Amino acid sequence: MASAAPINLRAQDTPYVPPTSLPTSSSQTGSTARIQIIDDEKKFTPDLATQIERWGLRDAGFSYNIVAVFGSQSTGKSTLLNRLFGTTFDVMDETRRQQTTKGIWMCRGKDMGVMVMDVEGTDGRERGEDQDFERKSALFSLASSEILIVNLWEHQVGLYQGANMGLLKTVFEVNLGLFGKKAQDGSNGRTLLLFVIRDHIGQTPLANLQATLTADLNRIWESLSKPTDLKDRLLSDYFDLAFTALPHKILSADKFESEVQELRTRFVDKESSDYLFKPAYHKRIPADGVAFYMEGIWEQVQTNKDLDLPTQQELLAQFRCDEISAVALAEFNEQAKSQKRPVEGGRVVEGLGAMMNNWRTQALTRYDRDASRYHKGVYGRKRADLVAVLDSTLSPLFLGQLKNLHKSCLVTFKKEMLDGLHGEDYDFANVFKRAREKSERTFSEGGKEALVEGTDWSWEEELELLRDEIRAVADQCRKDETTKMINLIERNLKKHISEPVELHLGKASPDMWDEILRVFRDTLDKAEKTYLTKAKSFNCTEEENTAALDALRKRGWVALRAKIDEQTADPIILGKLRNHFEERFRYDEQGVPRVWKPDDDIDSAFMKAKDQTLDLVPLYSKISPKDTSLEFNLPSESNDSFSNDDFDLSTSPVIFTETKCLDLTNKFRRDADAYYVEAKRSTVASIAQIPYWIYGVLVVLGWNEAMLVLFNPLYFAFLLLAMATSYIIAQLGLVGPLFQVTRTVGSEIQRQATARLREHFSQPVLAEPVQVGPSRDREEVGQIQ
């Protein structure tokens with residue numbers, strides 16, 4: 001790229017100085033100030049974009065035009081442009097006849113959206129034989145403008161050099177590839193060559209001049225060395241030709257001014273039939289890209305590369321579309337950043353979908369507004385790239401929103417399930433249906449809201465995952481509720497069988513097990529019906545119901561066995577045996593307690609009661625009903641998590657093993673023998689009496705002491721006092737209170753004495769009970785007999 005030159009708003013015939021040092025003329029405002037875009041050292045200014053913005057055309061889009069003038073030096077090009085467009089180009093001092101325009105200048109037309117280029121004249125003595133800049137400037141003007149005004153004198157028509165035909169031939173020949181590509185691409189317009197014939201006096205009609213120029217141009221075109229694929233192309237395929245004539249500026253000043261104004265109307269009046277700025281001529285470069293586009297063209301012209309306008313337009317489009325996309329993307333990223341942390345933090349952002357759609361739409365709208373005016377292919381590719389970047393930024397937000405919705409809806413479902421399963425009258429199926437529909441509806445609404453228009457994203461897959469988890473949670477809830485229900489039924493079953501089992505085991509009748517199993521079966525049937533009634537709302541399968549009923553039967557049987565084992569523990573079963581024995585040994589058939597006498601047959605009563613009691617041990621040892629239909633069919637092994645692995649169902653009817661029965665029999669016999677010994681002792685006590693002679697001995701031995709009391713005044717007085725006191729107490733009814741006080745005092749004395757003795761003896765010797773064995777019982781019985 002050529003080295004940059006600063007904006008130059010100086011007079012064109014003064015030495016070059018930086019633009020910051022130039023005073024601004026009061027006649028030049030920001031909207032009409034001129035700028036030298038290419039200086040006489042062939043350097044392109046970097047400040048054209050800034051100047052276009054000062055002209056107020058940066059955001060004009062396609063609502064602008066570019067026109068350039070081309071012609072020999074000192075032919076009034078600058079004057080013509082100033083008259084036509086109200087520009088402020090410097091004009092030649094007619095008294096000096098020297099070069100005025102150096103390089104290429106640009107100015108905005110007054111009150112017009114037209115950028116006008118004033119090109120250095122050709123065939124100037126300042127350049128001499130150096131025609132390089134003439135060729136490059138003509139090529140640049142032809143490539144960048146819509147209308148190229150060819151300014152020439154009437155007497156130059158028909159001349160090869162005077163009419164710049166040689167220069168045009170060189171430009172046409174070098175850039176024939178350019179024009180061919182323009183036509184084939186279809187996105188670039190044609191170019192209008194407007195020949196302005198100056199100092200036309202009317203002697204030669206304009207039509208003849210037009211014919212001459214047209215013939216010369218066609219002859220030049222035919223003489224070009226065209227590529228094989230362009231040999232049949234005509235000049236009219238790429239260029240439109242227009243001709244106009246202006247009278248002498250000095251000799252016919254009024255007519256010149258009127259003709260110039262009429263020509264200006266053709267540039268300004270869009271409603272005019274001969275309006276010159278036709279859409280076909282527009283280069284389709286947005287105004288904000290004109291500076292970059294022209295700089296690229298000049299760089300290729302400078303490096304003697306083949307000028308490829310479509311490529312230049314694509315490069316410009318790529319550059320500008322990238323800039324526009326970057327600006328839109330930066331604003332978009334700032335907007336998306338605000339919601340990134342809440343989504344990553346697991347929070348469901350309300351209205352996220354609307355925000356993402358708005359961000360995306362704003363970014364694309366901004367891009368479309370500024371970039372759609374550039375090369376369509378590049379615009380489309382860059383837009384697709386922008387859409388991909390936008391979607392890649394929004395996709396994590398969308399997926400994160402779905403994940404957060406998933407978690408939130410699952411938590412809501414669990415809460416709804418737990419709240420709905422309180423109490424005992426709930427319907428599991430209805431609770432599950434309401435909770436599932438609410439969660440799925442919430443997720444669907446959130447998923448639809450989060451969806452970004454124009455994407456192929458979907459929330460249905462996440463919904464299916466949510467449904468799978470909901471089903472898993474529901475299955476677990478159903479299992480938990482089933483387990484709770486079975487536990488509740490089990491507790492009720494235990495409660496209902498507890499009292500009947502105690503009652504029937506206490507009676508110890510032959511049909512004891514029939515009664516117990518009948519109560520157990522009835523209670524179990526009710527429990528099963530209760531389960532099946534509640535299980536209907538759980539949507540359980542037949543296999544699940546079968547497994548649950550098996551578990552319930554097993555638990556019921558285990559509960560029954562636990563209650564039986566509790567009532568047949570060693571202390572309790574021995575107590576039952578003793579009670580049974582006592583009822584038959586110590587009481588008669590009417591239930592009256594027996595008072596044993598020496599002539600009673602204790603041995604027979606003892607043996608009968610003992611044998612009847614020992615007959616109960618086999619009855620208690622096994623659950624064996626007389627009615628075989630009442631026998632309980634033990635359930636098969638189940639997968640109940642509460643089952644007792646140590647409980648053997650195959651041996652569950654057996655309560656006492658043979659060893660256990662023998663041990664219980666021995667223990668009972670020892671207790672029974674003790675009752676027998678006690679009965680024998682009671683008969684001996686009833687036989688022992690005090691002989692009558694003992695009373696006579698007591699009278700004889702106590703006579704002296706009685707006489708002593710009667711004949712001793714002191715003792716007798718005490719005796720009378722005691723008798724009087726006793727009489728008074730008896731008369732006043734104080735005998736009972738006196739005895740009560742006496743017992744209280746005696747108890748207190750006994751307690752104090754016991755406390756003193758315990759303090760005195762640190763380790764008191766406790767008397768152990770004497771266990772009467774069978775051999776000793778027999779010896780005592782023999783002694784008594």
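Select Arg 360 and show what surrounds it. Setting aside residues up to four places away in sequence, Arg 360 touches Phe 332, Val 387, Leu 390, Asp 391, Leu 394, Val 452, Glu 453, Gly 454 and Thr 455. This is a predicted model, so treat each stop as part of a prediction. Arg 360 belongs to helix H10, which spans residues 352-371. Is Arg 360 buried or exposed? Its relative accessibility is 9%, so Arg 360 counts as buried, since the cut-off for buried is under 20%.

**Zoom out**

Now show the whole chain as a cartoon. The chain has 785 residues, and 43% of them count as buried. Switch to a surface view. The chain exposes about 42,800 Å², with carbon and sulfur atoms supplying 53% of that area. Next, think about contacts between residues at least 6 apart in sequence. Of these, 76% join residues at least 24 apart.

**The largest nonpolar core**

Select Phe 140, Phe 172 and Phe 585. These three have the most contacts inside the largest nonpolar core, which has 156 residues. Which helix gives the most to this core? Select residues 376-420: this is helix H11, and it contributes 14 residues. Another core, of 27 residues, lies apart from the largest one. To find this other core, select some of its members, including Val 69, Phe 85, Ala 242 and Leu 246.

**Around Phe 585**

Go back to Phe 585 and show its contacts. Not counting residues up to four places away in sequence, Phe 585 touches Arg 594, Trp 596, Ile 602, Ala 605, Phe 606, Ala 609, Tyr 675, Tyr 676 and Ala 679.

Turn to the aromatic rings. The structure holds 17 aromatic pairs. In one of them, the ring centres of Phe 585 and Phe 606 are 5.9 Å apart. Why is this pair edge-to-face? The ring planes of Phe 585 and Phe 606 meet at 80°, and planes over 60 degrees apart count as edge-to-face. Phe 585 is in helix H16 (residues 570-585) and Phe 606 is in helix H17 (residues 602-614), so the pair links distant parts of the chain, 21 residues apart. Both Phe 585 and Phe 606 are buried.

Ring pairs join Phe 581, Phe 585, Trp 596, Phe 606, Phe 668, Tyr 675 and Tyr 676 into a cluster.

**Charges over rings**

Select Arg 284 and Phe 62. The charged end of Arg 284 sits over the Phe 62 ring, 3.9 Å from the ring centre. Then select Lys 376 and Tyr 379. Lys 376 lies over the face of Tyr 379, at 6.0 Å from the ring centre.

Select residues 458-482. UniProt annotates this stretch as "coiled-coil region". In the model, residues 458-482 are 92% helix and 0% strand.

**Last stop: Met 485**

Move along to Met 485, in helix H13 (residues 460-507). Met 485 is buried, with a relative accessible area of 6%. What does Met 485 contact, leaving aside neighbours within four places in sequence? Show Tyr 531, Lys 534, Ala 535 and Phe 538: these are its partners. Finish with a distance. Thr 530 is 45 residues from Met 485 along the chain, and the C-alpha atoms of Met 485 and Thr 530 are separated by 9.4 Å.

Definitions and conventions. Residues are numbered from 1 along each chain as its sequence is written. This is a predicted model: local features need pLDDT of at least 70, side-chain atom pairs count only at pLDDT 80 or more; totals for chains, interfaces and linings use all residues. Side-chain values use heavy atoms; hydrogens and water are left out. Buried means under 20% relative accessible area, exposed over 50%, partly exposed in between (1.4 Å probe, protein chains only). Contact means heavy atoms within 4.5 Å. Accessible areas come from the Shrake-Rupley method with a 1.4 Å probe; for residues, only the protein chains shown count as cover. Rings of Phe, Tyr and Trp (its six-membered ring) pair if their centres lie within 6.5 Å; planes under 30 degrees apart count as stacked, over 60 as edge-to-face and the rest as tilted. Helices (H or I, at least four residues) and strands (E, at least two) are DSSP runs, numbered from the N terminus. A charge sits over a ring if NZ of Lys or CZ of Arg is within 6 Å of the ring centre and within 35 degrees of the ring normal. A nonpolar core is a set of buried Ala, Val, Leu, Ile, Met, Phe, Trp, Tyr and Cys residues joined through side-chain atoms within 4.5 Å. UniProt positions are given in the numbering used here, feature names are shortened, and annotations may be inferred rather than shown by experiment.
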